[in-house]
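Work through the exercises below with the model open. Each task is followed by a stepwise solution.

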Amino acid sequence: MADTKQNPTFKEDAFVSWRQFLSSAYTPALALVCLSVWLHAADSLIVATMLPSVVAEIGGAGLVGWSVSLYEIASVVAGAASALLTIRYGLRTPMCLAAIVFGFGCFLSAVAPSMPLLLAGRVFQGLGGGGLVAMGFVAVGVIFPRRYTARAMAAVSTFWGVSAFLGPLIGGFFVEFATWRWGFAFFGGQAIALALWISLRPDHAPSDASVRTVFPWRRLALLCLAVLLVSYGGVEIEPMQTALCVLSGVACLVLFLRLDHRAQDDRFLPLRPFDIRKPTGSALLMILSLSLATIAITAFGPLLVVAIHNASALTAGYIVACSSIGWTVMAVLFSGSPERLDRLMIAIGMTFVAASIAGFLYAVPNGPVWLIAVFAAVEGGGFGMAWTFILRRTTALADPEEVQRISGAIPTVQRLGYALGAAYIGIVANAAGFTTMDAAAQAAETARWIFAACLPFALLGLLSMVTLVRKEPRSVSGALYG
């Protein structure tokens, strides 16, 4: 990775231009992080355009939903383990291993003769991709000086937004001009190249090399079961079955959190990860709540827009893409803000995100279509404005020994929020008649129920944000690095 020494001649609050940042010694580390994000984000989307061809060749239509769910489950589990792995073994070895696992999963899917084997490949892709992203966040938190953190996060957000467009396009390209198998192989080759690049870079020393206890596999398996149950409840929507799966999954998640809290050196998450009274806990609770609240427009928005407003599927898809555009644009525009404005940027951004939920509650049922796109851009823009500063602020408020756990927890908690939200909104949609609606008026009423159900979590996210922005960091603005 990159040199971790911080230059004491720079002030934390000093403005850093893109030119200064991109010409710094941290550019190779930034390139590695961005490539890691690209692989995870683009690969998670490429399957959307390849699945019809996959099913036509190897069958398994009944298992299609699991191609996404298993990827996300594995991503959450790998993300949770990443911080502990980097604390014990540094960054180079775990990141290299994650890239190899990702590449193996891609090649396994590329040669799969049946859907079950392709799903096994998706599990390995999720493990590797989730680990790469979480460890990328850890790298930003521990390698980059705080004055560079916002710029690094803006670059990551840009690559995530680009992936949202290019992933499906790349999948469509391989389906049209070659074969879906080459699509998986294309990402597998990139992963192996990334692994080789990482192996040649200097390492970041382990934070606690003396700790060599048995890896907590049982706790990790409990987290896996929790996410699996919640995700299954979201894939197979049946009122009783779904409710039972989600409640069981939440119970497993609570048990995981209790056991993890009791652990010492081998904790996956920071202490009291969702304690709203603590700044770092409130940050993770804010991310969890707002991720849960905003998944509705991604999961159900396109179908509702088509059913209510008779829009084309392409139009509906671009409406959702407006969120990625807004995220990327705002992240790039505001990433140069000095650290003294972190609280303001987070407060404004998260308020925009919460306001977009209320906007969807009106615009999706009533239109016009362009207004739905505006609120999608507002939602993504709010995340983009705040996301670049959340990591910088939480690491400034956290104890030094918790920085890696918090950095790895941010993308993991976001994915967990999406999994919980998909199941929760699925239950609400089913109860509101989503599966039986046959007219625009019925679809509009279903949309009102779906987005109204998101409002409580949007409000919880705002409440959590207040705690995060209220407390001053350990080092005040203008203090020197040392």
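**Exercise 1. Cavities**

How many cavities of 30 Å³ or more does the structure hold?

Solution. Start with the ground rules. This is a predicted model, in which local features need pLDDT of at least 70, side-chain atom pairs count only at pLDDT 80 or more, and totals for chains, interfaces and linings use all residues. Residues are numbered from 1 along each chain as its sequence is written, and side-chain values use heavy atoms, with hydrogens and water left out.

Next, the term. A cavity is a set of points, on a 1 Å grid over the protein atoms alone, where a 1.4 Å probe fits but cannot get out. Its volume is the space filled by probe spheres set on the points, which are joined across faces, edges and corners. The count is three cavities of 30 Å³ or more.

**Exercise 2. The lining of the largest cavity**

Find which helix gives the most to the lining of the largest cavity, and classify the lining residues.

Solution. Step 1: lining residues have an atom within 4 Å of a point. For the largest cavity they are Val-76, Ala-80, Leu-223, Leu-253, Phe-256, Leu-257, Leu-269, Phe-274, Ala-409, Thr-412, Val-413 and Leu-416.

Step 1: assign helices (DSSP runs of H or I, at least four residues, numbered from the N terminus). α3 (64-89), α9 (239-262) and α15 (403-431) each supply at least two lining residues. α15 gives the most, with four.

Step 2: classify. Ala, Val, Leu, Ile, Met, Phe, Trp, Tyr, Cys and Pro count as nonpolar, Asp, Glu, Lys and Arg as charged, and the others, Gly among them, as polar. The lining has 11 nonpolar residues, one polar and no charged.

**Exercise 3. Aromatic pairs**

Describe the geometry and burial of the pair Trp-327 and Phe-383.

Solution. Step 1: rings of Phe, Tyr and Trp (its six-membered ring) pair if their centres lie within 6.5 Å; planes under 30 degrees apart are stacked, over 60 edge-to-face, the rest tilted. The whole structure has 18 aromatic pairs.

Step 1: Trp-327 and Phe-383 are stacked, at 5.2 Å centre to centre and 15° between the planes. The pair links distant parts of the chain, with Trp-327 in α12 (residues 313-334) and Phe-383 in α14 (residues 369-397), 56 residues apart.

Step 2: apply the burial scale (buried under 20% relative accessible area, exposed over 50%, partly exposed in between; 1.4 Å probe, protein chains only). Trp-327 is buried at 16%. Phe-383 is buried at 2%.

Technical notes. 1 Å grid on protein atoms, 1.4 Å probe; cavity = no way out; pocket = protein on both sides within 12 Å on 5 of 7 lines; lining within 4 Å.
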